[in-house]
Amino acid sequence: MGTVLSKDGTEIAYSRTGSGPALVVVDGAMCHRGFGPSAGIAKALAGHFTVHTYDRRGRGGSGGGTERDVQKEVDDLAAVVEEAGGSAHLFGMSSGGTLVVEAAHRGVAARRIAVYESPMTLDGTRAPMDPDLPARVDRAVAEGRPGDAVKLFLRYVGMPGPMVALFPLLPAWRKIKAVGHTLPNDFAIVGEFQHGVPPAADRWKGADVPALVIAGGKSPEHLRNAQRHLAEALPQGELTVLPGQTHMVKAAVTAPVLVDFFTR
């Protein structure tokens, strides 16, 4: 465990395990080293790679968190890659996958990249995001109501209202609420891809590295369609669909696919 300094001086906390080529794992919304799938992924991959997991800014042991600046998150990832040896494979889940693609597009030294279900709505199979939602989340955070920000997010991603209402009674609520203030950063990363239309064909032309886009076979249609579009839009993209899987990353299923891709 250790910390690196991002370009703006923010301390970013990371962990390292395993041996082999460097691989950096990037979490999605509200997840970090102490909560979410990255620890299990790192354990499953440690026999093949030197795996770096880190807390995105504002989460866990990292500083910052309310900047709403995609470039700062890219700089954070770049700092971890530099610590890992100057270049690395990158694997991102959900909004972390979108961040990985954006980082490669902006010049972070990625050897290969893999993305598990970048959360995009690029066609009419799901209603586009309410254009007021990011501002409502921002306002909840600014007013010191991170729990309300989390509830807005959960409703948007499809959790039924009664479950959202009961969520604060669950043991996980404390950990989720603790990082609710970072949700505006995730909206900054994925917001442009939530409007039911595909981006320009050259949107990710800078991410010219071998790229694997992973979709769950049981995920909603809009997510599966979005991954197909992303794979086609990336200069060296390819798509794989994991039968029976959803947006929830299962290390036992996903790790073998990553090992195959990153060791070609």
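Visitor: Where is Asp27 found?
Guide: Keep in mind that this is a predicted model. Strand β3 covers 22–26, and helix α1 covers 38–45. Asp27 is found in the loop between β3 and α1.

Visitor: Is Asp27 buried or exposed?
Guide: Buried means under 20% relative accessible area. Asp27 has 2% relative accessibility, so Asp27 counts as buried.

Visitor: With which side chain does the side chain of Asp27 make a polar contact?
Guide: Asp27 touches several residues beyond four places in sequence, including Pro37, Ser38 and Tyr54. A polar contact needs a pair of N or O atoms within 3.5 Å. At 3.1 Å, the side chain of Asp27 has such a partner in the side chain of Ser38.

Visitor: How far apart in space are Asp27 and Val70, C-alpha to C-alpha?
Guide: Along the sequence, 43 residues separate Asp27 and Val70. In space, their C-alpha distance is 15 Å.

Visitor: Which backbone oxygen does the side chain of Arg59 reach?
Guide: Arg59 is in the loop between β4 (50–54) and α2 (70–83). Its contacts beyond four places in sequence include Asp27, Gly28 and Ala29. At 2.6 Å, the side chain of Arg59 reaches the backbone oxygen of Gly28.

Visitor: Why does Arg59 count as buried?
Guide: The cut-off for buried is under 20% relative accessible area. Arg59 counts as buried because its relative accessibility is 0%.

Visitor: What is the phi of Ser94, about how many degrees?
Guide: Ser94 lies in the loop between β5 (88–93) and α3 (95–105). Ser94 is buried, at 17% relative accessible area. Ser94 is not a glycine, yet its phi is positive, at about 55 degrees.

Visitor: And Glu117: what value is its phi near?
Guide: Glu117 sits in the loop between β6 (110–116) and α4 (133–142). With 0% relative accessibility, Glu117 counts as buried. Glu117 is a residue other than glycine with a positive phi, near 50 degrees.

Visitor: Which residues is Leu152 in contact with, leaving aside neighbours within four places in sequence?
Guide: Leu152 belongs to helix α5, residues 146–156. Leu152 is buried, with 12% relative accessible area. Contact means heavy atoms within 4.5 Å. Beyond its sequence neighbours, Leu152 is in contact with Leu133, Arg136 and Val137.

Visitor: What distance separates the C-alpha atoms of Leu152 and Glu83?
Guide: Leu152 and Glu83 are 69 residues apart along the chain. Their C-alpha atoms are separated by 36 Å.

How values were computed: Residues numbered from 1 in each chain as written. Predicted model: local features only at pLDDT ≥ 70, side-chain atom pairs only at ≥ 80, totals over all residues. Heavy atoms only, no water. Helix = DSSP H or I, 4+ residues; strand = E, 2+ residues; numbered from the N terminus. Buried < 20%, exposed > 50% of the residue type's maximum accessible area, 1.4 Å probe, protein only. Polar contact = N/O pair within 3.5 Å; in protein donor to acceptor, adjacent residues only side chain to side chain.
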